[in-house]
Amino acid sequence: MKLKIILLILPIILFQIGCASTDLKPITTGNFAPETDERGIWYQVEEEQKALNRSGVLYTDKELEEYLNETARKLYPNSVLAQIPFNIHVIKNRQFNAFAYPNGHIYVHTGVLACMENEAQLATLLAHEMTHVTHRHAVKGFRNLKNKSAVLATLQVTFGGLGGGVGDLVSLLGTFGALASVYGYSRELETEADIEGFKLIKEAGYDTLESVKFFELLKRDIEEEEIKQAFFFGTHPRVQERIENYEDLIKSDNRKSAKSIINAEQFLAKTLKVKMDNIFLDLKAGRFKKARRAADNRRELYPNDAKVYYLLGKIETQERGDNGIERAINNYKKAISFDPSFPEPYRELGLIYLKQNNKGHATDFFKQYLSLSGETNDRAYVEEYLKQCKEGDKP
Amino acid sequence: MIINTKTSQAFAFLLVSLLSIFMFACAPKTYRTHPEFEQRVSKITNPGMLPSDVRVYELTAGGVQDLRDDWCKIGKENVQKAVYEALKQRPFKIEQLVVDKEIEEEIEDIQALYRAVSLSIQLHTYNPQFLFPEKVNHFVYSVGPVDKILKKYGADAIIFVYGFDEISTGGRKALQVAGIIVGAFTGVVVGPRAGITAVSVALVDSSGEILWYNLKASAGGKDLRDFDSCASMINDMIGEFPSTKK
Amino acid sequence: MRKLLILFLIIFVSSCAPWVQVGGLYESSGDNFKIELPNGWMKSRQSNELLITRDGILLQTISVERLDIKHEFKNTKKKLVKGMLPEEASEVILDNISSAPEIAGLDIIESAPAKIGGMSGFKAVFKYNTKGGLRYKSIYYGFIDGEVIYVIRYIAAQRYYFDKDLNTFDKVVNSFHIIKKV
């Protein structure tokens, strides 16, 4: 009897609650005017952005930012850019990620730039993120969340009072089901961003094969980081599926492109600094394999770069692998040979010899470090080590 | 330690439990005063009121908070006006401060700390479960040095105003009613909570210390978008400001 | 660091008094240390480590934590090793903090050797920002004792609160002693 009454009431409540439409025209169709809840999202986003700008998390490299924005501008005609002034920023974070705010501000992690190889891959990323903006996925996702949670709440109200754990079961399944589909963007929205993004890079003349390579890089990153769900581009669809989607898109696209832009040279020149800085982030996070790969790539391109050898030395020291100390010493000495005024390798050699109880060498290297480094916030440590060497104490 | 003191959900959660104190306690005093309130407040003649931070959300049936910029604007105007009008009755010459680029960063710094201080006050001087006896008996909280701001605006104290409001959608209200109806049959009422309205005001003197702090909250009965509703809440709050001799 | 927000919420929903007022000698036989706590401060009953505050955990905390040297850090794969130099231990701890995704603008102000309870260790002073806009400053002292590491922390809002209780923290650190030496 109770159940019959509840089933009678349920459709009435659902009708009262209503459902927000997720059918919105893309900004690219023209005459864009944000809807009420969309404006609310933009307002909230502006607050988030202010906090982000103040936080010190932004990576400042004007030349890099200009290059990213220039690449983004190649993907859309001026008529679209006039409606949404896209702005690309970089965030100091080693993770393979990027995200777009609905107002056109896109944030790319140093981690994803460090993994990329050329401009075509960058264009794949930017095209995808820009599509989230032009196709208004933020407000669609938000409405989807509201609709699903409203239904869930309705079920909880109507079934929650029943005994036998029925209400609990519904709410358990409902919660899991609702959350699974709204975490990140939904599978449908991600697929739309993939498809539309693909069209953009194709139109702009980029080599579409690089889009597949981009997802291969993501896949490698997921495996190395042992991430259970892809952090980047939301959790749906899974990365292998997306690689296959792009391969299908390439196969089914019969139009021959006049151009096939990859532009690796300019990309590598513009991302030189950020790639190096990201190696330090990977090192801090103890991601030695990633850091070593990036450092090795850099060494191939710049075989006389002292900083690279210093980094390789640090990796060996901190990874504590077999014969790591010998390799570390070689790398530090190479760093010094390429740039005798670079202080850090002297310090590291001083530490190695100190731990080996080779006080003479340790003293020499520490003294050289202090003379080259000037004001440094670890001076107290080094002075302590010199004292230990003089007094003959073992560390 | 990373605390996002702007988390509206944490704030709402805190307020829900505080509401239970307000509703079930025997009309407790809701304001807090500095130990030297009497002698210090008498020296204040022209406090400056910082732009109020008011957030008004649409609360959906499913409990999703949808920040409405249009409602925030109205709520902010109403709260600001209501506080200004209520404080005019006091022996103060109040000025509404306009923040410019020169002082923006300093104010953001102070406001960030104020948010953390306000949350701490609510938790440790209001909530019986988490009371800190030292803080209750000796109510001293600070937002740090404010002389730069006071000097710029020629003020001798600062007023902080924060507002938070959740307006239930029609769907949510329908669900609340449905919960009652269904409850009549099942014996168990399950329904979403009413939206919370809360406002806090603090008076800070030149030392940076809070001389007076008050908080009012209501579950479903107030609406900051409506001036009269907003003003009645603010008047209740400012009405508790101790009488001072000029 | 999100740990503190979770702690904030756990403490909040706890049904028994989660805070107790402290002062004077505090001895932890389980963690093998003793320390003098400042009068009138509040100690958390919920936290695994010794955690005290005067005004609220969003404004300042002093904490003492003992970790197994094999402890796996949340944000770095780097590990502590028995017998490692204090500076190296400090680097692992700081790298764990700076690699936290919620940390922004971490700036190391000081990094120096230190004696804690007669043990050779490290001191690190740094500041950082949070998403909500509040800036924090922190002092970490630490040392390795056999198979464990002790870390004594002072974390406070950079504006006003950090300087206010710096002397209090110094007294707490200076009072720290291991009960039984390894």
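Let's start with where chain A meets chain C. The contact draws 17 residues from chain A and 22 residues from chain C. Keep in mind that this is a predicted model.

Stay on the chain A side. The most comes from α19(A), with 3 residues.

Next, the core. The largest nonpolar core holds 181 residues. V204(B) and A157(C) touch the most other members. Helix α4 of chain B, residues 101-125, gives the largest share of this core, 10 residues.

Take A157(C) by itself. Leave out its neighbours within four places in sequence. From chain B, A157(C) is then in contact with L113(B) and A116(B). From chain C, its contacts are L59(C), Q60(C), L134(C), Y136(C) and F162(C).

Last, a helix pair in chain A. Helix α6 (residues 119-134) packs on helix α10 (residues 209-225). The angle is about 75°, and the axes are 8 Å apart. Angles of 65 to 115 degrees count as roughly perpendicular, so that is how α6(A) sits relative to α10(A). Which residues of α6(A) and α10(A) make the contact? On α6(A), they are A120(A), Q121(A), T124(A) and L125(A). On α10(A), they are E210(A), S211(A), K213(A) and F214(A). By class, this contact has 3 nonpolar, 3 polar and 2 charged residues.

How values were computed:
Residues are numbered from 1 along each chain as its sequence is written. Chains are lettered from A and ligands numbered from 1 in the order in which they are written. This is a predicted model: local features need pLDDT of at least 70, side-chain atom pairs count only at pLDDT 80 or more; totals for chains, interfaces and linings use all residues. Two residues are in contact if their C-beta atoms, placed from the backbone, lie within 7 Å. Helices (H or I, at least four residues) and strands (E, at least two) are DSSP runs, numbered from the N terminus. A nonpolar core is a set of buried Ala, Val, Leu, Ile, Met, Phe, Trp, Tyr and Cys residues joined through C-beta atoms within 7 Å. A residue is buried if 20 or more other C-beta atoms lie within 10 Å of its own, exposed if 12 or fewer, and partly exposed in between; C-beta atoms are placed from the backbone. Axes are lines fitted to C-alpha atoms, for helices over the stretch in contact, and angles run from 0 to 180 degrees between N-to-C directions. Angles under 35 degrees count as roughly parallel, over 145 as roughly antiparallel, 65 to 115 as roughly perpendicular and the rest as oblique. Ala, Val, Leu, Ile, Met, Phe, Trp, Tyr, Cys and Pro count as nonpolar, Asp, Glu, Lys and Arg as charged, and the others, Gly among them, as polar.
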